[in-house]
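Please look over the structure below. A short tour follows, one site at a time.

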Amino acid sequence: MKEKKKKSRQVEQAINPQLKALMDKEREKNKKNKIKNRPIVFMTYVMVLVFISMFGYIIWYVFKNADSIVANTANKRQDSFVKFVCRGDIITSDDVVVATTKTDEDGNETRVYPYGSLFAHTVGYNSYGRAGLELSENFDLMRSHVNVVSKVYNDLNGDKNPGDTIVTTLDYKLQNAAAEALGGANGAVVVLEASTGKIRAMYSSPTFDPNDIDNVWDTVHSEEGSTSTVLLNRATQGLYAPGSTFKVVTAMEYIKEHPDYENYYHICNGTDIFNSVSIRCSNSTAHGELDLKGSLAHSCNTSFANIGCNELDMDKLNKFAEELLYNGNLPYDGDYSKSQFKLDGDSDKSAIPQTVIGQGDTLVTPLHNALIMQAIANGGTMMRPMMVEELQNADGISLKKEKPKAYGSVIDPEVTKAIIPMLQEVATSGTASQYMAGKPYTVAGKTGTAEYDNNGNCNSWFVGFTNVDDPDIVVSVVVEDYTTNQTSGTYVASRVMDAYYSE
C-alpha cells in the first residue's frame, strides 16, 4: 500500500511540472491574443459609438430643424403648399397690407400689391424666383395655422386654408415720406430703430410696380432694357463712395490713437498738398483754425487729409474699418453687397489723402452706413437689422415674435461719447444746419458729397440719428447725381425725421 502511494506521488510530481508548463503556455497565449485583439475591440467600440452618434444626430436634426429645412428658399417642396394654402398677407407694423392674395369666382389667385412701387424692393414679388420678403418668408406665408374647426370646414368644402401673416417692422408713414422726399431722384433711404435695429423704412429709387412684374421682367431682360437697374435695391446692394460720411470713421480712429484729441488744431487755407496730392475744401473755402469738432462740423477736407497723412497708423485704420464690417459680411439676412476699404500700411502714400476723406477706392452701401451710425448712437453696440417683427395666423393670433439681437460691440463706448457731440455740432452749426438746426428734436449726423467721376459730378449723403440723449431713429440717405437734381441727402433725411415725429 505504501509502495502504491509512493509511486502515485512520483507520478504527480512528474505530471505537475508538465501541467504547470502547459497552463503557463496557455495563459501566455491568451495574453498575446488579448493584446492582438485589443485594437479590434477598440475599433468595434468606436464604430458602434459613431453609429449611435450619427443615428442620434439624424433624429435630433429632423425633429429640431424640420421647419428650417423646409423653409430653406432653395427647397422646392414649398411650391407644393400652393395646392392647400392660399398665400398669406404681408403687413406693416402699423397694420397696412402691402401684399395680399385675391381669388376670383373661378378660384384663380392673383398676388396683389396695394401700394405698387412703394414697397417693391423690400416686399418683392412672387414670381420669377421671387424676391424680397416674398422669397425670404415664403415658407411661413405658405403655412396655415387657423383654428382646427376652420381647417376641417375648409377641407370638407374643398377650399384652401388661409396662409399665415407676416408682420414687418416697416412703417408706412416713414416709407411714404422717404419716397416723397426723394421725388424723381435716384437713391436710397434706410431708417433703423436705434436701440433695436428694426428697419422702419427701406426705399430704393428707381423702383417698379410688382403688380406689373411680367412686363417689368420682359423689359429688363430685353436688349433695350439690359442696362436698367430698377430691380436693384440700392439700399442694400448699391455701392457708393461714402464721401465725407467716412470722416466719422477717420475721426474715431484719431480719437482712439490720440487721447489728447481735444488739443488737435489745423489751419485750413482752402487748398493744400498732402503726399503730392492736391486737396481742396468745398468751393475752396478757407475754414481758418479748426479743432477736431470744427473739422468735422465744417467737413474740412484739408484737416482730415492732414490727420490721415500725419497723425494716423494706416494699419490701425484698416483694422478699425474691418471691425466696422468693411470687407466683411453684414448681420443681415437679405441680399446685400459687401462694402470695401483697401487702404493699409503697405498702400501707396498718395492714396491716403483721398481715402481718409471718403473718396478713393472706398465703397459702402446705405444700409452699412446706417449700421455704423446706429452703433455710435447705441454706445458702440451694433444691432442686427430686422425686417420681420411677428408671425400671425389669418385671424391675427400671434404665433411667433422676433426679438432684437445684438451683433456685438464694434466701437469703444468712450469713443462714441467723444464723437457724438461733434456729430451734433454738424447739425446745429455745421454742414447739415440748413435743414437740421432748429428742429424740435435733437440731431447728430454727418453730410457727405462724393464725386463719382472726373467731371465733378457728385452723390449726396446724410447719415445720422435723432433724439441724441436717448436715440430714436437712424437715417441713412444717398441721392445720386446731386450735381444735376440738387436734392441733398440732408433734405431727404430731414423730411423723414419730421414724418417720424409728426402726429
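Set aside the residues within four places of V477 in sequence. V477 is then in contact with A188, V189, S460, W461, F462, G489, V492 and A493. The model behind these contacts is a predicted one. V477 belongs to strand β19, which covers residues 473–479.

Is V477 buried or exposed? V477 has a relative accessibility of 0%, and since buried means under 20%, V477 counts as buried. Y491 sits 14 residues away from V477 along the chain, and their C-alpha atoms are 9.5 Å apart.

## The chain as a whole

The protein chain has 503 residues, and 47% of them count as buried. Its secondary structure comes to 18 helices and 19 strands.

Residues 24 or more positions apart account for 66% of them. The accessible surface is about 25600 Å². Carbon and sulfur atoms hold 50% of that surface.

T196 lies in a loop. That loop runs between β7 (187–193) and β8 (199–205). The relative accessibility of T196 is 12%, so T196 counts as buried. Which side chain does the side chain of T196 meet in a polar contact? The partner is the side chain of E193, at 2.7 Å. The T196 side chain also reaches the backbone nitrogen of K198, at 3.2 Å. Beyond four places in sequence, T196 touches M383, R384, M386 and P404.

R200 is in strand β8. R200 has a relative accessible area of 13%, so R200 is buried. Its side chain makes a polar contact with the side chain of E193, at 2.9 Å. Residues up to four places away aside, R200 touches S93, T169, L170, D171, L174, V191, E193 and E389.

## Helix α9 and its two partners

Two packed helices are described by the angle between their axes and the distance between the axes. Helix α9 spans residues 247–257, and helix α15 spans residues 413–428. Their axes come within 10 Å and cross at roughly 135°. α9 and α15 are therefore oblique to each other. The crossing is right-handed. From α9, the residues V248, A251, M252, I255 and K256 take part. They meet V415, A418, I419, M422 and L423 in α15.

Helix α12 (residues 314–323) also packs with α9, their axes coming within 10 Å. Here the axes cross at roughly 120°. α9 and α12 are therefore oblique to each other. This crossing, too, is right-handed. V249, M252, E253, K256 and E257 in α9 meet K316, L317, F320 and E323 in α12. M252 and K256 take part in the meeting with α15 and in the meeting with α12.

An α-helix has 3.6 residues a turn, so residues three or four places apart point the same way.

## The two ends of helix α5

Helix α5 covers residues 148–156. At its start, a side-chain oxygen of N147 comes to within 3.2 Å of the backbone nitrogen of V149. What follows the helix? G158 does, and its phi is positive, near 70°.

## Backbone features in loops

The peptide bond from S205 to P206 is cis. Its omega is near 10°. P206 is in the loop between β8 and α7 (213–220).

D95 is not a glycine, yet its phi is positive, about 65°. D95 lies in the loop between β2 (90–91) and β3 (97–103). Its relative accessible area is 62%, so D95 is exposed. N327 also has a positive phi, near 65°, and is a residue other than glycine. N327 is in the loop between α12 and α13 (352–356). At 32% relative accessibility, N327 counts as partly exposed.

Definitions and conventions. Residues are numbered from 1 along each chain as its sequence is written. This is a predicted model: local features need pLDDT of at least 70, side-chain atom pairs count only at pLDDT 80 or more; totals for chains, interfaces and linings use all residues. Side-chain values use heavy atoms; hydrogens and water are left out. Helices (H or I, at least four residues) and strands (E, at least two) are DSSP runs, numbered from the N terminus. Buried means under 20% relative accessible area, exposed over 50%, partly exposed in between (1.4 Å probe, protein chains only). Contact means heavy atoms within 4.5 Å. Accessible areas come from the Shrake-Rupley method with a 1.4 Å probe; for residues, only the protein chains shown count as cover. A polar contact is a pair of N or O atoms within 3.5 Å; within protein, one must be able to donate a hydrogen and the other to accept it, and residues adjacent in sequence count only if both atoms are side-chain atoms. Axes are lines fitted to C-alpha atoms, for helices over the stretch in contact, and angles run from 0 to 180 degrees between N-to-C directions. Angles under 35 degrees count as roughly parallel, over 145 as roughly antiparallel, 65 to 115 as roughly perpendicular and the rest as oblique. A crossing is left-handed if the near helix is turned anticlockwise from the far one by less than a right angle, and right-handed if clockwise.
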